[in-house]
Structures are given as C-alpha cells and as structure tokens.
Amino acid sequence: MNTWLMQLKKATYNTSFMYNLRMIIAFSGTAFIPYFLGHQLMTIPLTLGVVAAGLSDIDDRFSVRIMNLIYTYIGFFVSAASVQLLFPYPVVFALGLIVACIGLILLGSLGRRYATISYGCLVISVYAMLGVNLFEEWYAQPVLLVTGAIWYGIIATISFLLFPARQVQDQLAKSFSALGDFLFAKSNLFDVDMTAKSYQKSMISLSLENGQLVGIFNDMKTTLLTRLKGDRGQIDTRRSLQYYFVAQDIHERADSAHIDYQKLTKIFEHSDILFRFQRILSLQAKACKDLSDSILNRTIYKHNARFDHAFVNLKKSLEQLRENQQHDLIWVNALFALFQNLKGIDAQLRNVETERNIKLDKNKYIENQLKDDDLKGWQDIVVRIKQNLTPESVLFRHAIRVSMVLLVGYIFVQITDIQYGYWVLLTALFVSQPNFNATKRRLRLRILGTMAGIALGFLILYFVPSTEGQLLLLILSGVLFFDLRSKQYAQATAFITILALINFNLDGLGFQAAMPRLIDTIIGCGLAWLGVTFIFPDWKFRRLAPTVARSLEAQCNYLAEVVNQYAQGRNNGLNYRVVRRAAHNRDADVASLVSTLATEPDFDPVQKSKAFEFLCLNHTFLSYIAALGAHRDQIYDQETLELLHHALADIRGALLHDEMPELNLHNLQQNIRIKLNQSREDTSKDLIVLQQLSLMLSILKHLSNLKQSLSHEHDAHSSALASI
C-alpha cells in the first residue's frame with residue numbers, strides 16, 4: 001500500500017504525466033459525451049474548442065487566470081460568431097478578416113497574455129470556417145466551440161488549484177537545466193586542442209546558449225511576478241524567488257571571463273590546469289541539472305562530494321604554477337580569480353537548500369524586487385501599440401504579412417471552391433512565423449508531418465472501423481499533439497492530422513478528406529513561403545546595426561553600474577539587476593538576429609563573416625564586464641578608481657560615439673605589471689579590476705571597428721532601398 005502511494009505521489013510530481021492526464025480528461029469528455037447523447041457531430045467543434053483553448057492556456061495567479069479565461073471565451077465567441085454571420089458576404093468577410101488579423105496580432109504588443117489570447121482567437125476563427133455548414137443555427141457552432149474551451153478551462157483550473165506552485169517549479173527547473181547547458185558550453189572554451197575555427201564555433205554556441213538561457217530567465221521572471229503580486233506570504237513563492245536570484249548570480253559568474261581563452265589554451269596546453277577547470281565546470285553543469293531534477297521531483301538537492309577534492313587539487317596546481325614562475329603572473333592571477341569565481345558558484349550550489357538562502361530577509365527587501373513590465377494604464381497601451389505601427393516593427397510586418405496571406409488564401413478558396421479549402425488558411429496561420437528561418441523550418445516539418453498523419457490516418461480508418469475505437473484514437477492523437485507540439489513539430493502535426501481525419505470520419509467523410517488535407521497543406525505552406533519571402537521580407541529591414549548599437553549601449557550601462565559599485569560598495573538592488581539583465585537580453589538579441597540572418601537569401605557573405613565575428617567579440621566583452629561584476633566590492637585605491645572612470649569614458653566614446661579611446665593601453669599594462677611585481681602573491685580586487693580593464697581595452701578597437709563597419713553597410717543598404 002505504501003509503495004502504491006509513493007508511486008502515486010511521484011506521478012503527481014511528473015509535470016508531463018499530469019499535463020497529459022489533463023488532456024486525456026478533456027478529449028475524453030468531448031469525444032464520449034456527445035457519443036452517449038447521440039449527437040456525435042458535436043464532437044468536432046467541442047474538440048476544436050479544446051485544442052484552441054489548450055493553445056491559449058496562460059499561466060497566472062488564480063484571480064488573473066479567471067479573468068484570462070473570461071477574455072478568452074468572449075474572444076472565441078465573437079470570433080466564431082463573426083465568421084458565421086459574415087460568411088455569406090465574401091467582400092465584407094474579406095475586409096473583416098484583414099482588420100481582425102492585423103488587430104489581433106498587434107494586440108500582442110501589450111504582453112504575452114494578450115498575444116496568446118489573440119492567437120487563440122485567430123485559430124478559432126479558422127476552425128469556425130472549417131465547420132461553418134455543420135449546423136443550421138448560426139450560434140450552434142460558436143456555442144459548441146466555446147463550450148469545448150470552457151470544458152478545458154475547468155479542468156485546467158482544477159489542476160491549478162491542486163498544484164498551484166507547479167508552473168513556478170517547472171520554470172525554475174527549466175532555468176537550472178538551461179544553466180547547466182550553458183556551463184557545459186562554457187567548459188568547451190578550456191579545450192587545450194582548440195583551434196581558431198573551433199574557438200569561434202564554441203563562442204557562437206556559447207552565445208546561442210546564453211540567448212536561450214536569458215529567454216528562460218525572462219519567462220521565469222514573468223511567472224514569479226504574477227505570483228508575487230497575489231502572494232500572501234506563501235513560502236514556496238518566496239523560496240522560488242531566492243532560487244531565481246541564485247540562478248542569476250551563477251549565470252553572472254559563469255558568463256564572466258578573466259582571460260583570453262584562445263591565448264590561454266596555447267600557454268597552458270601542456271599543463272593539467274585547463275583540464276581541472278574544465279572538469280569543475282562540467283561538474284557544476286551536472287550539478288545544475290541535478291538541481292533541476294530535484295526541483296521537478298520535489299526532493300532535496302545533494303551537493304556532489306567530488307567538488308571538495310576537485311577544488312583542492314585545482315588550488316594545488318595553481319600554487320605550483322605561481323611557485324614555478326614559468327608563466328607571466330598576469331595569467332596566473334587571472335586563473336586565481338577564475339578559481340575564486342568557480343568557488344562562488346560552488347558556494348551557491350552548496351547552500352541553495354539551506355534556510356539562510358531561502359529565507360526572505362526583510363532587511364534586504366530591495367534586493368528581492370523584480371521589475372514589473374505589465375501595463376500601467378491606457379496611456380501605456382497607446383504607447384506600446386504606436387511603437388509597433390511602423391514597418392520597422394517585427395510585429396507590424398508579421399501582422400500585415402499574415403493578414404495578406406490569409407486574404408489571398410481566402411480569395412483562392414472562393415475562386416477555386418477547392419474541397420475543404422479552409423485548411424489552406426489554417427496551415428498558413430500555423431506555419432507563418434515572424435522571420436524567414438522559422439517559417440521555412442515549419443513549412444518542411446508541416447508537410448512531412450501531414451504526409452505521415454494521412455498515412456497513419458488511412459490505416460486507422462481502415463483497420464479500426466468502430467466509432468468507439470476511433471474515438472479512443474482521437475483522444476490519444478489529441479494528447480500526443482499537445483505533448484509534442486513544442487518539442488517535435490512534425491510528429492505533432494502528424495497527430496493533429498489524424499485527429500482531423502477521425503473528426504471528419506464522424507461525418508462519414510474521413511477517407512474523402514485525406515487527400516484534400518495534403519493538397520491544402522501544401523498550398524497553405526506555399527502561400528506562407530511567398531508571404532515571408534515577398535511581403536515585408538526581413539532582409540529588407542536589416543535590424544543588425546540598430547541591434548548592435550542597442551547591445552553596446554546596454555553593455556556600457558552595465559559597466560557603468562559595476563564601476564559605480566566599486567566606488568560605493570556592492571549592492572544587488574533592482575537597478576543593478578535590471579541593467580545586467582538588459583545587457584544579456586541585448587546580447588541574446590544579437591545572437592538570435594545573426595543566426596537568423598545567416599540563413600536568409602542574399603545575405604552578403606562578407607557581412608555574414610563580420611556579423612559572426614561581432615557576435616563572438618560582443619559576448620566576450622560582456623563576459624569581461626560580468627567578471628568585474630562578479631568580484632565587485634568597494635575598493636579604496638583612488639588611482640584604481642580614477643583608472644576605472646577613465647576607462648569607462650573611453651569605452652563609451654569608442655562604442656557609442658565612434659571615438660578612439662584616449663587611454664594608453666601600453667601604460668595600463670605597465671601599471672598592471674608594476675603592481676604584480678610589488679606583490680607576487682597579491683590577488684586583490686585592484687588587480688582583478690586592472691586585469692579586466694586590460695582585457696576589455698585589448699579588444700575595444702576591434703569591436704568598435706566591427707560596429708562601424710556593420711553600421712556603414714546598414715546605411716548603404718538603407719540608401720539603396722530608398723532609391724528604389
């Protein structure tokens with residue numbers, strides 16, 4: 001009995017299992033309730049209502065979740081009813097389609113919840129087109145679609161009430177798992193066999209991992225904020241907040257760079273020192289993964305005992321390096337600073353479960369705040385929408401592009417009267433993404449998934465002729481679609497295709513709908529490809545130069561805050577965390593944009609090479625600032641403070657105003673060497689500051705030249721567009 005209870009308890013901690021159980025209940029209701037009532041045709045809109053509601057599900061605290069559901073149901077009914085009422089009037093319907101599509105997509109500028117609900121309304125609109133002739137009364141299908149959505153909402157709300165902290169825990173686990181991936185990527189920089197080419201690949205990989213991690217951190221912040229607003233002192237929420245801050249601190253330390261890794265691997269290629277650093281980083285990456293599993297399974301994290309031995313041996317190796325005096329002390333001291341940073345990560349992981357780390361300290365309330373990006377009123381709404389009413393806005397271009405693609409698809413269906421033609425619009429809506437690369441990838445996966453789904457669907461309809469058997473497979477297909485949609489898009493498409501065929505077979509049209517489904521999918525994918533290629537294509541709105549400029553400005557702001565704390569003392573307050581996160585967000589924007597542009601047609605190979613070079617150098621510069629931030633404490637040497645402020649001014653001038661730095665790098669290196677010779681055992685903050693400044697200034701000119709080069713090419717491209 002106890003074993004059974006333990007297994008049951010463990011199952012409730014399995015998020016994937018509980019989510020799939022929720023979907024099983026939801027689809028079982030829409031499949032079998034109409035069956036027992038003798039109105040099998042109702043299964044089609046009820047099931048589609050569940051699908052649309054599942055796609056529109058938003059995590060939030062209870063009171064806001066209820067409001068979100070109400071907004072969703074109202075939006076679904078208005079969208080579906082509009083389709084039913086306007087469908088007999090093609091011209092009016094086409095105009096309404098354009099206006100609704102643009103308006104709903106632009107609502108996404110107000111925040112994630114509005115974007116999600118708006119997308120659900122677009123999906124429910126196309127679903128309504130597919131079943132517009134299913135029922136005689138105009139209100140029947142809208143009511144059934146909303147009923148299906150309400151049914152899903154009830155189940156999701158019950159699940160939330162039973163496990164209110166689950167979403168926070170899942171996001172937290174995802175954060176530490178991504179942090180582990182980042183640390184594994186970082187450990188690759190300590191490969192002694194690294195070449196210039198492999199170094200660039202490792203840096204690009206690290207930058208992309210950093211971008212993914214920053215995105216997960218942002219989602220985590222949103223999840224925490226909505227809980228904290230309605231929090232009544234719940235210890236789980238407060239503990240999660242502290243875990244989040246621990247993850248951020250580990251990230252800053254892990255992202256910091258105390259040394260030029262390319263030179264490092266050459267200098268110490270015959271020493272064991274780099275293997276030891278790489279080993280510890282790999283162990284810490286594994287520790288983050290273990291912590292993620294502990295959070296998911298609600299178990300206590302146990303710190304790996306091997307860390308003690310690894311750190312002891314690493315320190316002995318460092319001390320031998322210093323005693324042998326075979327290497328320049330600037331390198332040895334940098335390795336000692338890196339050692340201290342890894343010890344800081346170890347301390348965070350070691351103490352993450354202790355009460356002193358998870359207890360909310362009221363005296364440090366300011367250090368436990370999060371920046372709230374929610375809407376502040378009507379003025380904020382107007383400002384956000386106005387900001388996106390320009391072709392320079394990705395959201396605006398996507399809105400125009402999708403609306404035009406849907407309009408062309410609608411006209412095509414009206415002219416050709418193609419069988420089940422509104423699958424064309426549904427496909428175009430699902431595969432259309434804001435950028436070319438993401439759309440192209442979805443096109444291929446959508447077609448492959450549809451072909452596989454039709455093949456399996458044929459087999460199911462042939463070998464499982466009974467209604468009961470098909471309903472069971474409908475439930476299974478729906479569950480697998482939701483389980484795979486964010487992980488395996490092609491497989492998810494296959495299962496939603498099977499669900500569609502079974503739905504149509506309830507009306508006796510399953511076999512007849514198979515080939516039209518494939519043809520309509522190919523046509524819809526073709527329209528989406530034409531749209532992303534010719535309607536406001538991304539490569540005609542190069543955002544590289546302004547994105548580069550924003551990233552460098554954010555880095556300068558981050559550096560300025562770090563410099564200020566060296567003068568006034570360490571402070572983990574909101575302002576510091578905001579500028580740090582902004583710098584990482586902008587760096588992630590650069591990584592995302594460069595990786596996207598590299599896949600687009602007509603992207604100049606020379607600019608591509610420079611863009612990737614800038615990506616690596618930009619992240620390296622950010623890592624140097626992060627190292628300064630990781631060690632920040634008040635210093636009292638006025639000469640060092642003046643040097644910091646002077647360097648900050650030169651860096652701002654070079655990166656923001658294209659001015660050559662006035663600080664003489666040779667003199668700075670001389671100052672570092674003089675201080676090293678004064679105390680060969682010294683690893684003070686002053687020396688760490690000087691070493692980091694030396695690293696930043698060593699790449700400053702190259703970084704500034706790359707920025708200017710990319711900006712000039714952007715200006716030339718803009719002038720060419722203006723002359724067309």
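Helix α25 is mostly covered, with 20 of its 26 residues buried. Buried here means under 20% relative accessible area, exposed means over 50%, and partly exposed is in between, with a 1.4 Å probe and protein chains only. The helix runs over residues 605-630, and 37 Å separates its first C-alpha from its last. That is close to the 38 Å expected at 1.5 Å a residue. The expected span is 1.5 Å times one less than the number of residues. Helices are DSSP runs of H or I, at least four residues, strands are runs of E, at least two, and both are numbered from the N terminus.

A word on the source. This is a predicted model, where local features need pLDDT of at least 70 and side-chain atom pairs count only at pLDDT 80 or more, while totals for chains, interfaces and linings use all residues. Residues are numbered from 1 along each chain as its sequence is written, and side-chain values use heavy atoms, leaving out hydrogens and water.

Now the whole chain. It has 28 helices and 0 strands. Of its 724 residues, 55% are buried. Take the contacts, meaning heavy atoms within 4.5 Å. Among those with a separation of 6 or more, 83% join residues 24 or more positions apart.

How many residues of helix α18 are buried? The count is 10 of 10, so helix α18, residues 422-431, is largely enclosed by the rest of the structure. The buried residues include Trp 423, Phe 430 and Tyr 422.

Next, the cores. A nonpolar core is a set of buried Ala, Val, Leu, Ile, Met, Phe, Trp, Tyr and Cys residues joined through side-chain atoms within 4.5 Å. The largest one has 116 residues, and Phe 176 and Phe 277 have the most contacts inside it. It draws at least three residues from each of domain 2 (165-371) and domain 4 (542-712). Those domain bounds come from an automatic or database domain assignment. Another core lies apart from it, with 88 residues, among them Val 126, Val 402, Leu 443 and Ala 528.

What does Phe 277 touch? Leaving out residues up to four places away in sequence, Phe 277 touches Phe 190, Leu 314, Leu 318, Leu 335, Leu 338, Phe 339 and Leu 342.

On to charges. Side chains of opposite charge can pair when their charged atoms come close. The rule for a salt bridge is a side-chain nitrogen of Lys or Arg within 4 Å of a carboxyl oxygen of Asp or Glu. That gives 13 salt bridges.

Look at Lys 289 and Asp 181. Their closest N and O atoms are 2.7 Å apart. This pair links distant parts of the chain, 108 residues apart: Lys 289 sits in helix α12 (residues 273-297), and Asp 181 in helix α8 (residues 166-187). Lys 289 is partly exposed at 22%, and Asp 181 is partly exposed at 29%.

Arg 276 and Asp 272 also form a salt bridge, at 2.8 Å, N to O. Arg 276 is partly exposed, at 29%. Asp 272 is partly exposed too, at 34%. Within it, Asp 57 and Arg 65 meet at 3.6 Å, N to O. Is Arg 65 buried or exposed? Arg 65 counts as buried, at 7% relative accessibility, whereas Asp 57 is partly exposed at 28%.

Last stop, helix α20. Gln 470 lies in this helix, residues 467-484. It is buried, with a relative accessible area of 3%. Neighbours within four places aside, Gln 470 contacts Leu 461, Val 464, Pro 465, Ile 502 and Asn 505. Thr 467 is in helix α20 as well. Thr 467 is partly exposed, at 32%. Setting aside residues up to four places away, Thr 467 touches Tyr 35, Gln 40 and Leu 506.

Finally, the record. The unreviewed UniProt entry annotates "transmembrane region" over several spans, including residues 489-506 and 518-536. UniProt positions are given in the numbering used here, feature names are shortened, and annotations may be inferred rather than shown by experiment. In the model, residues 489-506 are 94% helix and 0% strand, with end C-alpha atoms 26 Å apart. Residues 518-536 are 89% helix and 0% strand, and their end C-alpha atoms lie 28 Å apart.
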